[in-house]
Amino acid sequence: MPADARNYRLGILNGFLASTGDGFFNTSVVLAGFASRLGASNTVIGLLPAIAQGGWMLPQILVAARVRALPYKLPIYRSSASVRIGSYLMMVLVTAFLWESPVLCLSLFVAAMSINALASGVSGLPFLEVVSKTVPSQQRSAYFGVRNLGGGLLAFAAGLIVRWILGSGLAFPYTYVLIFGLATVAYTAAYTVFGKVQEPPDEVQLPSDTRQELRAIPQLLRLDAHFRAFLSVRLILAFASMADPFYTVYALRELRVPSSMLGVFLMTITGVAPLSNIVWRSVAERKGSRRIIRYSAAAAFLAPLIALGLGWWFAPGQAGREVSSAARQSQVGWLYLAVFVMSSVAAQGFNLGHTNHLLNISPPHSRSRYIGTLNTLVGLALFAPVLGGVIADKLGYEAVFWLAAGLFALAWWWCGKLRRDA
């Protein structure tokens with residue numbers, strides 16, 4: 001088999017397996033439900049996706065300085081993958097043996113997540129570098145589209161398994177121990193597969209250090225208006241993500257949706273993903289990444305508004321609309337799926353649009369610098385869910401949802417500044 005075809009297939013398989021792991025380890029549903037069960041505050045619940053997403057991006061300006069001069073990037077990916085596998089195993093053990101001490105359990109779980117996220121950040125830039133070298137630009141939309149489509153189907157299967165596990169007679173926390181264990185197996189296979197890609201060498205470039213990379217940021221932003229506009233959109237969307245982990249918590253705590261609905265929520269997220277990817281792939285091929293990001297912002301805008309509408313109609317205490325019966329609780333749970341439909345559609349569009357847009361506007365000789373700069377700056381903003389948790393504790397979930405809706409609307413407008421041919 002030609003190396004190009006082999007690399008393409010390994011990359012696709014890596015995406016399938018990683019998406020399966022993501023289905024078991026979903027931060028907005030599985031981790032939020034787990035933390036809620038342990039009695040975590042909204043601030044801690046908001047910290048979980050912030051670590052998973054923001055921690056992935058923060059180290060990349062440091063990695064960019066290191067990776068720039070290396071002809072091969074995969075050794076860094078393989079080393080960080082070993083650290084990530086160890087951190088997943090730690091999360092499984094902490095959940096199994098320390099759940100009776102919720103504070104200690106959550107503290108060590110968050111520590112393991114942090115290690116995992118930082119190691120993920122180290123591997124993220126080499127991953128994109130290898131993809132950019134092994135997949136031609138004209139094939140990247142299809143490449144990521146196929147990864148997301150097949151991965152979405154497998155993540156849906158993972159959602160079915162999660163629903164079965166949570167609805168089985170297995171006692172807490174062993175339901176989550178099993179779910180996290182399955183995620184660990186899927187991630188281990190994914191990292192192993194991508195580590196077998198045959199990477200062509202880069203031309204040797206002058207070595208750099210972190211200080212040089214940091215000093216280059218102002219110049220990069222000043223000289224490249226397209227990159228500056230893309231960074232602005234990403235920052236706005238990162239702050240808008242503050243609502244994501246609280247959709248599940250709002251349904252459980254405020255609308256009193258049965259916990260058995262968590263599996264259905266996850267199935268909705270993962271089931272919608274492959275279907276929406278078919279649409280997004282078509283949009284990418286016909287209209288480019290800019291239009292994907294803009295349409296995704298519109299879909300994301302609807303998610304908090306739907307949650308607010310259902311909260312107004314079904315929240316306990318509303319005259320004539322008390323959620324007093326199991327039937328009514330189940331009813332609001334099924335209607336609430338619309339929140340996760342819009343959120344999942346938007347997330348898949350963002351995943352495809354962001355990656356394609358960044359790789360397409362980045363000059364080959366400066367790709368590491370572009371990726372590292374953007375991901376590090378956006379990574380800081382992705383800790384917005386922690387701010388969302390503080391706002392939820394002080395002002396309620398409704399305030400978080402209104403703020404998120406406003407930011408998504410702003411991002412939609414700002415997309416008009418993005419480069420149209422990227």
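Ring pairs join F25, F34, Y88, W99, F109, F172, Y176, F180, Y187 and Y191 into one cluster. Keep in mind that this is a predicted model. F172 is a handy residue to start from, as several features meet there.

**Around F172**

The charged end of R37 sits over the F172 ring, 4.4 Å from its centre. Step along the backbone from F172 to P173 and you cross a cis peptide bond, with omega near 10 degrees. P173 itself belongs to the loop between α7 (140-167) and α8.

Another charge-over-ring contact involves R294, whose charged end sits over the ring of W412, 4.2 Å from the centre.

Two of them are set out here.

| Pair | Centre distance | Plane angle | Geometry |
|---|---|---|---|
| F227 and Y370 | F227–Y370: 4.9 Å | F227–Y370: 70 degrees | edge-to-face |
| F265 and Y336 | F265–Y336: 5.9 Å | F265–Y336: 45 degrees | tilted |

Why is F227 with Y370 called edge-to-face? Their planes stand at 70 degrees, and anything over 60 goes into that class. F227 comes from helix α10 (residues 225-240) and Y370 from helix α16 (residues 367-381), so this pair ties together parts 143 residues apart in sequence.

For F265 and Y336, the planes are 45 degrees apart, so the pair counts as tilted. F265 lies in helix α12 (residues 261-287), while Y336 is in the loop between α14 (326-335) and α15 (337-361), so the pair ties together parts 71 residues apart in sequence. F265 is buried at 0% relative accessibility, and Y336 is buried with a relative accessible area of 0%.

How does the span of α16 compare with what its 15 residues should give? At 1.5 Å a residue they should span 21 Å, and the end C-alpha atoms are 22 Å apart, which agrees. Of those 15 residues, 12 are buried, so α16 is largely enclosed by the rest of the structure. The buried ones include R367, Y370, N375 and A381.

A284 is placed in helix α12. A284 is buried, with a relative accessible area of 11%, which falls under the 20% cut-off. The C-alpha atoms of A284 and N356 are separated by 8.8 Å, although the two residues are 72 residues apart along the chain.

In the loop between α11 (246-253) and α12 you'll find R256. R256 isn't a glycine, yet it has a positive phi of about 60 degrees.

How values were computed: Residues are numbered from 1 along each chain as its sequence is written. This is a predicted model: local features need pLDDT of at least 70, side-chain atom pairs count only at pLDDT 80 or more; totals for chains, interfaces and linings use all residues. Side-chain values use heavy atoms; hydrogens and water are left out. Rings of Phe, Tyr and Trp (its six-membered ring) pair if their centres lie within 6.5 Å; planes under 30 degrees apart count as stacked, over 60 as edge-to-face and the rest as tilted. Helices (H or I, at least four residues) and strands (E, at least two) are DSSP runs, numbered from the N terminus. Buried means under 20% relative accessible area, exposed over 50%, partly exposed in between (1.4 Å probe, protein chains only). A charge sits over a ring if NZ of Lys or CZ of Arg is within 6 Å of the ring centre and within 35 degrees of the ring normal. The expected span of a helix is 1.5 Å times one less than its number of residues.
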